[in-house]
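This report is written for a reader who is meeting the structure for the first time. Please keep the sequence and the 3D view at hand while reading.

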Amino acid sequence: MGFVSRGFRGRRRADGPPGRVPPGQYVVTDFPVLSAGPTPDVPLDEWRFTIAGEVDDPVSWSWDEFRALPSERVTKDIHCVTKWSKLDTDWEGVSLDVLLDGVDTAAEYALARSYGGYTTNLPLEDLLDGKAWVAYAFGGAPLEPEHGGPARLLVPHLYFWKSAKWVTGIDLLAADRPGFWENYGYHNYGNPWLEQRYAGD
Amino acid sequence: MAAAVDETPGVRSLVLDCPGWPGHLPGQHVDVRLTAEDGYQAQRSYSIATPADGTRLTLTIERIADGEVSPYLADELRPGDGLELRGPIGGWFVWEPALGGPLQLVGGGSGVVPLMAMLRARAAAGADIPARLLLSARSWDEVIYRDELERLGAGGGLEVRFALTRAQPPGWTGYARRIDHDMLGEVAWSPEEMPRSFVCGPTGLVEAATRALVELGHDPATVKAERFGPTGGPG
């Protein structure tokens with residue numbers, strides 16, 4: 001084999017059930033906070049979620065309208081590109097299948113937009129078929145601002161920077177457009193099981 | 001590794017010689033990967049403490065008591081040992097002298113590491129860019145790069161202020177509490193001076209400091225943050 005770190009054994013901590021932790025990740029029990037700037041203050045009476053871009057008519061929800069949509073409680077493993085994974089996280093949110101129901105588009109890409117200016121891109125199909133939510137509660141309580149509240153995108157099958165905090169909308173796009181971290185050298189897609197951390201992985 | 005320097009009782013700097021290193025910007029980090037004889041691997045991210053200098057770069061490692069990677073780097077690694085690095089990584093939390101100032105740096109604990117790379121770049125360039133650093137540590141003995149910061153601060157153009165949160169030496173005239181709104185109101189550049197702000201440290205400090213800067217009138221888009229994960233490595 002290749003390089004060996006002299007004297008390194010590792011702690012070999014029990015990292016949960018086999019097949020749950022992607023390569024290069026380790027399991028945490030706390031919930032680290034990672035974001036690139038100040039946490040935005042988003043009053044609920046000003047909050048909106050809007051689907052726009054390659055659609056005939058943008059659709060938009062106020063907080064009350066959004067919370068009146070059918071929601072679900074899901075338990076998911078999440079994986080951050082900074083190498084921590086957190087298992088069995090408990091979320092409540094509205095499926096993107098609900099939000100995109102009735103939206104007629106030929107777009108194949110999506111760009112999530114957040115309060116504070118953050119963006120992240122992903123193929124539209126990664127938001128469909130029970131793979132993505134706009135989450136407003138974590139562990140049975142309203143999502144805290146530092147974790148993305150009032151609401152964040154939840155796309156647990158991709159590295160967690162794709163799960164945009166403070167999300168306020170999704171632009172549907174005919175052509176892919178890199179988001180914030182994707183413009184700073186992080187991988188365009190971010191599949192943790194393929195360790196797609198950085199451009200070129 | 002070419003050399004190691006003890007910074008504080010829990011913190012050690014590793015001077016590395018990396019053949020083929022492409023250079024980096026102050027504020028960027030690297031991924032360090034350790035491999036055991038049986039192939040087991042662990043990797044973590046660490047900020048680079050020095051500006052680009054050929055194939056030389058320095059990482060500053062805070063030993064996390066129950067950590068997996070930092071105890072190895074802080075205690076076990078010896079000069080002459082090899083280390084696998086990937087980087088540089090990150091293009092957001094970066095500053096170089098050509099970007100100008102004023103520079104507003106706020107750090108907590110080992111959050112000073114990427115800020116130090118910026119200050120060292122500023123000094124190396126002989127730049128007279130006005131800069132201010134507000135650094136929080138538990139005690140005077142736990143201030144990383146303390147002597148160098150005092151030296152740089154005496155050189156003009158850079159104001160260094162310390163907040164010691166747990167213990168203060170006799171006669172201490174600096175701050176003796178956590179960084180807060182009032183403190184930043186006293187030491188930060190005013191929004192009219194349009195500083196570039198960089199805040200790095202544990203989550204609580206970063207939340208408090210970035211919130212205070214926004215409340216004081218700074219454009220959130222000019223306030224860049226890097227928060228620690230549980231490993232003590234940057235995000």
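What domains does the domain assignment of chain B give? It gives domain 1, which covers 3–89, and domain 2, which covers 97–227. The model discussed here is a predicted one.

## The two domains of chain B

Between the C-alpha centres of domain 1 and domain 2 of chain B there is a distance of 24 Å. In the contact between them, domain 1 of chain B takes part with 13 residues and domain 2 of chain B with 15 residues. On the side of domain 1 of chain B that touches domain 2 of chain B, the elements that give two or more residues are β1 (3–8) and β5 (56–62) of chain B. The residues of that side of domain 1 of chain B divide into six nonpolar, five polar and two charged.

## The open sheet with β1, β2 and β5

Strands β1 and β5 of chain B also belong to an open sheet of three strands, which runs in the order β1-β2-β5 with antiparallel pairing. Because β1 and β5 of chain B stand at the edges and have a single partner strand each, one side of each is left without a neighbour in the sheet. From one strand to the next, the twist averages 25°.

Strand β2 of chain B, residues 11–17, is joined to β5(B) by seven bridges in the antiparallel sense. Within this part of the sheet, Leu16(B) has Leu57(B), in β5(B), as its bridge partner.

## The strand β7

Six of the six residues of β7(B) are buried, so the strand is largely enclosed by the rest of the structure. Both of its faces are covered, with Leu103(B), Leu105(B) and Gly107(B) buried on one side and Gln104(B), Val106(B) and Gly108(B) buried on the other. The pairing of β7(B) with β8(B) is in the parallel sense and extends over six bridges, and Gln104(B) stands opposite Arg132(B) in β8(B).

## The helix α5

Is helix α5 of chain B largely enclosed or left open? Eleven of the 13 residues of α5(B) are buried, so the helix is largely enclosed by the rest of the structure. Among the buried residues of α5(B) are Leu205(B), Val206(B), Leu213(B) and Val214(B), and also Glu207(B) and Arg211(B). The buried residues of α5(B) pack against β7 (103–108), β8 (131–137), α4 (181–187), β10 (196–201) and β11 (223–227) of chain B.

The length of the helix can be checked as well: at 1.5 Å a residue, the 13 residues of α5 of chain B, residues 203–215, should span 18 Å, and this agrees with the end C-alpha atoms, which are 18 Å apart. Just after α5(B) comes Gly217(B), which takes a positive phi of about 110°.

## Chain A and its contact with chain B

Turning to the other chain, 33 residues of chain A are in contact with 34 residues of chain B. On the side of chain A that touches chain B, the residues divide into 15 nonpolar, eleven polar and seven charged.

One residue of chain A may be looked at by itself, namely Arg67(A), which is found in helix α1 of chain A, residues 63–67. Because 14 other C-beta atoms lie within 10 Å, Arg67(A) is partly exposed. Although Arg67(A) and Tyr136(A) are 69 residues apart in sequence, the distance between them in space is 8.8 Å, C-alpha to C-alpha.

Conventions. Residues are numbered from 1 along each chain as its sequence is written. Chains are lettered from A and ligands numbered from 1 in the order in which they are written. This is a predicted model: local features need pLDDT of at least 70, side-chain atom pairs count only at pLDDT 80 or more; totals for chains, interfaces and linings use all residues. Two residues are in contact if their C-beta atoms, placed from the backbone, lie within 7 Å. Ala, Val, Leu, Ile, Met, Phe, Trp, Tyr, Cys and Pro count as nonpolar, Asp, Glu, Lys and Arg as charged, and the others, Gly among them, as polar. Domain bounds come from an automatic or database domain assignment. Helices (H or I, at least four residues) and strands (E, at least two) are DSSP runs, numbered from the N terminus. The expected span of a helix is 1.5 Å times one less than its number of residues. A residue is buried if 20 or more other C-beta atoms lie within 10 Å of its own, exposed if 12 or fewer, and partly exposed in between; C-beta atoms are placed from the backbone. Two strands pair if DSSP finds at least two bridges between them. Axes are lines fitted to C-alpha atoms, for helices over the stretch in contact, and angles run from 0 to 180 degrees between N-to-C directions.
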